[in-house]
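Trainee: I've got a new model open and I'd like to learn how to read its helix packing. Can you walk me through it?

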Amino acid sequence: MTPAALEWLTRFRRYLSSERRLSAHTDKSYARDLAALVKFCDREGIAEWGALDSQHLRRFAAHSHKGGLAPRSIQRRLSAVRSFYAFLLREAATESARSAASQARSAGARQRRSARVTGNPAAEVRAPKAARRLPQTLDADQMARLLQISAPGDRLGARDRALMELLYSSGLRLAELVSLDVASLDLKDGVVQVLGKGRKARIVPVGRFALRALRAWLQERASLARHDENALFVGRNGVRLGARAVQARVALWARRQGLGVHVHPHLFRHSFASHLLESGGELRGVQELLGHADISTTQIYTHLDFQHLARIYDATHPRARRKA
């Protein structure tokens, strides 16, 4: 593709970080997916964004699938392309309005022509249908066993219990957990302020077991954290704990507690939502607690709730009980 066309990718990433305020992880995913599109365009001899059409993108999706990419990953890749073209269309409309108002012909017009598009070619392109996967969860007994950490005098053990209790108590994402500062936590009111996806803030309650564990950790943190460190959770070196370290510590405690299954931080969030719905929690309330923008994202947990009810039905209904 031409240098001018590639410049629009740079502008798009600046837009994502400054206006959409996406996480670094999402930004990297967009960059990777659009780099694959550029490679495809170069192979197809497409030099400008306006020359790409829906047939090209269908071949792009088919090529990705043939290369072993999973349907969900192809969906994400096409979503990145749709977002990019929505950005190009918005920029084209803005430039057109400016041009009509000023009637100016600047040196930058060449760049505007390079990104001139009339529609979104990815709008009607669909990826292969992905099999619906239900989130894995721990049941209440497994979660209780995992959180029964007894490590007197172990500062890292106190920290690990506090962060795992908080993950389960408040349904936090891993990125939300590691970005927490001490000031994010209000022990008196029993809440924590979280910065979620799109840098949207929400306040979620913290349960009494988590509050107790957090108080114990804060006493240990005072002797571990550097004096200028604001992070709620810190490592041995006294600075903010990273996501990889949390993943490793959670997996370590799952093995120590004899759970026999792979446990990762997001499993606490899945279990949080599933256990709330099993206990009669309202779907809309669970959506707010999780910070989901769309309730359809939360609805997948209702399938887990139905599985729970079905097991109860099979075990207790006179016409459903299986003979031993």
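This is a predicted model: local features need pLDDT of at least 70, side-chain atom pairs count only at pLDDT 80 or more; totals for chains, interfaces and linings use all residues.

Trainee: What share of the 324 residues in the protein chain is buried?

Mentor: Buried residues account for 39% of them. As for the surface, the chain exposes about 18,500 Å², and carbon and sulfur atoms supply 50% of that.

Trainee: Now the helices. How are α1 and α2 oriented to each other?

Mentor: Start with the angle between the axes: over 145 degrees counts as roughly antiparallel. Here α1 (residues 3-20) and α2 (residues 24-44) cross at roughly 165°, their axes coming within 11 Å, so the two helices are roughly antiparallel. Their crossing is right-handed.

Trainee: Which residues of α1 and α2 meet?

Mentor: On the α1 side, look for L6, L9, F12, R13, L16 and R20; on the α2 side, D27, Y30, A31, L34 and V38. Sorted by class, that contact has eight nonpolar, three charged and no polar residues.

Trainee: Which residues make the contact of α2 with α3?

Mentor: α2 brings D33, A36, L37, F40, R43 and E44, which meet H56, L57, R59, F60 and H63 of α3. By class, you'll find five nonpolar, two polar and four charged residues there.

Technical notes:
Residues are numbered from 1 along each chain as its sequence is written. Side-chain values use heavy atoms; hydrogens and water are left out. Axes are lines fitted to C-alpha atoms, for helices over the stretch in contact, and angles run from 0 to 180 degrees between N-to-C directions. Helices (H or I, at least four residues) and strands (E, at least two) are DSSP runs, numbered from the N terminus. Angles under 35 degrees count as roughly parallel, over 145 as roughly antiparallel, 65 to 115 as roughly perpendicular and the rest as oblique. A crossing is left-handed if the near helix is turned anticlockwise from the far one by less than a right angle, and right-handed if clockwise. Contact means heavy atoms within 4.5 Å. Ala, Val, Leu, Ile, Met, Phe, Trp, Tyr, Cys and Pro count as nonpolar, Asp, Glu, Lys and Arg as charged, and the others, Gly among them, as polar. Buried means under 20% relative accessible area, exposed over 50%, partly exposed in between (1.4 Å probe, protein chains only). Accessible areas come from the Shrake-Rupley method with a 1.4 Å probe; for residues, only the protein chains shown count as cover.
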